[in-house]
Each structure stands twice: as structure tokens, then as C-alpha cells.
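Welcome, and take a moment to look over the chain below. The report starts with one working term and then moves from the whole fold to a single residue.

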Amino acid sequence: MAREYMTTRDIVGPLLLVEDVAGVTYGELVELEFPDGTRSLGNVLEVSEDVALVQAFEGTRGSNPSETKVRFLGRGMTLGVSRDMLGRVFDGLGRPRDDGPEILPDKRVSIYGSPINPTARDFPDDFIQTGISSIDGLNPLVRGQKLPIFSGSGLPHNQAAAQIARQAAVLQRSDDPEQVGEPAEGDFAVVFAAMGITFEDADFFMSELRDTAAIERSVLFLNLADDPAVERIATPRMALTAAEYLAYDCDMHVLVILTDMTYYCEALREVSAARKEVPGRRGYPGYMYTDLATIYERAGRVKGRKGSITQIPILSMPDDDKTHPIPDLTGYITEGQIILDRSLHRRGVYPPVAVLPSLSRLKQKGIGPGKTREDHADLSNQLFGAYARGIQAKELAVILGEAALSDTDKAFSAFADAFEDRFIRQGEHEDRSVAETLRIGWELAALLPRAELKRIKDEYIEKYLPEVAAVAGG
């Protein structure tokens with residue numbers, strides 16, 4: 001039952017202090033009516049005896065505390081969910097942004113969800129094909145995993161996010177260890193949440209998905225830069241609530257892309273400062289780790305359920321600093337990271353994935369016979385090791401001169417250049433299958449002396465390398 005009060009004592013930024021309240025609970029949804037007749041939603045951040053601290057989602061500018069009506073609705077913030085959400089675009093609070101009709105929900109669900117019981121979690125072990133060789137080949141994404149992309153200002157993380165959203169697919173299991181399974185049809189969806197982005201970026205994401213018809217399997221939640229900052233705190237939770245319905249009620253494999261988590265954390269810091277909380281590292285609230293965990297840990301697989309949620313959070317590191325609190329805390333919670341490199345970007349390499357510092361901790365669980373192909377793990381290790389040695393050889397050539405390099409070092413240096421140009425570099429709309437990625441990898445391995453292929457089993461070299469060499473020679 002709704003209860004209305006006009007006992008607001010103070011308003012600071014997006015926060016209202018309401019006195020003489022009764023029966024108010026933490027997280028309760030609030031409707032605010034300001035003196036000029038405008039209305040806004042909010043929620044309860046804190047309750048102490050008969051005083052409640054309310055957070056307004058759409059700002060409180062020009063409001064008079066004594067004339068502001070606060071209506072407690074007796075329920076938490078919810079999202080109406082339905083399969084009809086697929087193909088639709090919503091704002092950060094789940095309201096239609098695409099001029100379409102309101103969703104007729106199958107049910108309404110709290111956006112704060114419930115944590116997955118650790119004993120009910122199933123281990124991630126199915127490969128998700130993104131169509132990007134530097135991810136699929138070396139740091140693969142596994143169904144149920146949390147694999148963030150660490151980027152920086154001006155780097156093409158939006159283009160990479162849109163490409164993954166267009167191309168991502170779960171592969172079917174293959175009974176033949178020499179063959180890669182086909183993409184599964186009909187049970188894959190993408191939930192895309194953007195926080196604090198410009199109108200130009202929002203238009204880019206919508207047009208990219210619409211032009212390829214990927215919008216039909218996607219749900220978009222867009223919080224723009226001129227939308228209230230407080231709305232950004234609700235946006236990823238709206239997206240994950242929709243994802244949980246599609247995964248666990250509709251038995252779909254859902255990929256959730258969250259961009260940009262840096263703007264989310266800035267909004268968290270803004271609200272914390274307004275509450276006059278004691279700041280932690282660089283002014284961010286001390287509970288930011290816990291808050292981020294409530295978002296990231298909603299990914300996973302549940303035993304006995306067909307559906308799953310896989311997350312790719314994207315964050316732009318301030319000053320390209322991996323030790324900044326946002327990427328630092330994200331790295332503790334998630335299972336690896338894909339790092340975009342500014343020097344590769346300057347050389348015109350897209351996507352500029354820095355292979356060596358990137359990591360997928362569940363890599364070995366998602367590749368191999370039946371999942372991708374039997375030679376995937378060995379070839380991946382060989383390419384990684386050869387590229388690392390090639391980079392070392394190039395650095396040595398800068399110091400001592402190229403003439404000081406041995407023939408083997410020169411071969412690895414040439415390999416590093418070819419690896420960046422043929423394996424890492426690919427078109428923004430180029431969708432490479434895993435089989436094609438592995439073929440390119442073997443062609444690059446053929447550039448090295450055969451005696452240096454120490455990380456690949458002889459049986460795989462005999463089976464795959466001559467075949468590639470014949471194709472290259474022909």
C-alpha cells in the first residue's frame with residue numbers, strides 16, 4: 001500500500017532526507033512529485049528509525065523540500081519481462097526508447113536478483129565464438145564466464161563490443177575431434193547495456209545491430225550521457241534481470257555486454273559523495289568491490305538449467321592505468337581480461353588486442369576435441385610463445401641492430417609482424433569462424449623453423465602443418 005509524505009527535511013543533489021516515516025524498507029521504490037508537477041522515481045538507500053534517505057533517479061533540481069511529495073510504493077524496483085523484449089530498445093530504467101509500445105510482461109521481477117548458490121553453479125565449459133581471432137584463438141570466451149575488456153579513452157572498444165554482439169554464437173558439440181561444431185540456432189540472445197554514452201554512440205550501436213538483423217535476438221538498455229547519473233546505477237541491473245529471465249525461464253544462452261563500467265563507477269562515487277560517506281581509494285566508495293561483485297557474479301550456469309549467462313563488461317581505464325581501482329577490482333572478480341593496446345591502435349591494427357597481457361582463465365575448459373578442435377590448445381600455446389619471443393627479438397634489434405640477430409631470432413621477428421598483420425588484424429565486419437582462425441594460425445606456424453614448434457604434439461604437426469604448407473605453396 002502506497003504511503004505519501006510531505007516531510008522532506010533536506011535535498012542534496014539526487015538525495016532527499018524524509019522524516020516521520022513508518023514501515024519503510026531498504027530498496028523500496030519511491031515516486032516523487034515536485035512543486036512544478038513533474039514526477040520522478042527513486043528508491044530508499046537507507047532507513048534509520050523514522051528517517052529515510054531517498055535517491056531520485058532523475059534529479060531534484062529546483063525542488064523545494066517542504067512542497068515535495070514522497071510516495072513510498074511498498075515494493076522494490078522491478079522490471080516487467082517477456083520474450084517480446086527481444087528486438088527492443090529501452091532506457092536505463094527499462095522504459096521503451098524505440099517509440100514502440102510498452103511490453104506486456106509475463107511477470108515482474110526485482111532488478112536486484114538473487115545470488116546463485118555456489119553449490120548450484122555448473123562449471124563453464126562450452127565455447128562461445130565471437131568471430132574475432134585474437135579472442136577465439138588465444139583467449140577464448142567460455143559459456144558462463146565473466147571476461148572483461150580493458151580499454152582506454154579513444155580506443156575502439158565500442159566497435160569491438162558491437163562486433164561481438166553481432167557475431168557471437170554458441171557452437172554445437174562435435175563428435176569428430178578434427179571438426180569444429182556448427183553455430184547453434186535459435187537459442188542465443190544478446191543483452192546490451194550502455195551507460196553514460198553519447199547520442200552518437202547510442203545511434204551507432206542501434207544501427208550496427210539493425211543493419212545486420214542482429215537486433216532481432218538482442219535487448220538494448222541505453223543510458224545516455226545527459227540522462228541522470230543515478231540512472232546508471234540501475235541500468236546494468238535492468239539488463240541482468242532481462243538476461244536472467246531469457247536464460248533461466250526461456251532456456252536461452254545469453255551474452256551480456258556492459259559498457260562502460262567506468263561511467264557506472266563514477267555514478268557510484270557521485271552518490272557516495274552526496275551521502276557524505278568516507279571515501280576509499282581515489283574517492284570511490286569502500287564498498288565498490290562488493291557492489292561490482294553483485295553485478296559480475298550474476299553470470300554463470302545453473303545445474304539442471306539449459307540456459308546460461310556470459311558477461312563481457314567493458315571499461316575504459318583512466319590514463320590507461322591497470323592499477324586504477326575500477327580495473328583492479330574488476331580483475332579480482334572476473335576470470336581474466338582482454339586488454340586493448342594503444343600502440344597497436346596507432347599502427348592501424350583493429351581490433352588492437354594486446355595478446356601477451358590478456359588472459360582467459362577458463363581457456364582450457366572451453367577448447368579441445370568436441371568443443372573446438374583437438375589441436376586448438378597446442379596451437380594457441382605455440383602462437384603465444386612464438387609471438388612473445390618475436391617481440392623480444394624486435395626489442396633486441398632496436399638495441400643491438402638487426403645484424404646482431406641470429407637467423408632464428410630473425411624468423412621469430414618476422415613471425416611477430418605477420419602475426420599482428422594477419423592474425424590480430426581483421427575487418428570490423430569480418431566474422432572469422434574458429435576453423436578459419438586455426439587455419440591462419442597454422443599458416444603462421446609454418447613461417448617458423450619446424451624444430452621451434454616445441455609446444456605442439458608431433459601428431460598434430462604431421463596432420464595439420466603439411467596441409468597448410470601445401471595450400472600456402474599452391
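Contact here means heavy atoms within 4.5 Å.

## About the model

This is a predicted model, in which local features need pLDDT of at least 70, side-chain atom pairs count only at pLDDT 80 or more, and totals for chains, interfaces and linings use all residues. Residues are numbered from 1 along each chain as its sequence is written, and side-chain values use heavy atoms, with hydrogens and water left out.

## The chain as a whole

You will find 13 helices and 22 strands in the chain (DSSP runs numbered from the N terminus: helices are H or I of at least four residues, strands E of at least two). The radius of gyration, taken over C-alpha atoms, is 25 Å, close to the 23 Å from the globule rule for 474 residues, so the chain is as compact as a globular protein of that length. That rule is 2.2 Å times the number of residues to the power 0.38.

Of the 474 residues, 57% are buried (under 20% relative accessible area, with a 1.4 Å probe and protein chains only).

## Helix α2

Among the buried ones are H157, N158, I164 and R166.

## A closer look at D91

D91 sits in strand β9, residues 88-91, and is buried, at a relative accessible area of 10%. Its side chain reaches the backbone nitrogen of L93 at 2.9 Å, and a polar atom of the D91 side chain lies 3.0 Å from the backbone nitrogen of G94. Both are polar contacts (N or O pairs within 3.5 Å, one atom able to donate a hydrogen and the other to accept it; residues adjacent in sequence count only if both atoms are side-chain atoms).

Beyond neighbours within four places in sequence, D91 is in contact with R97, F221, L222 and E231.

How values were computed. Buried means under 20% relative accessible area, exposed over 50%, partly exposed in between (1.4 Å probe, protein chains only).
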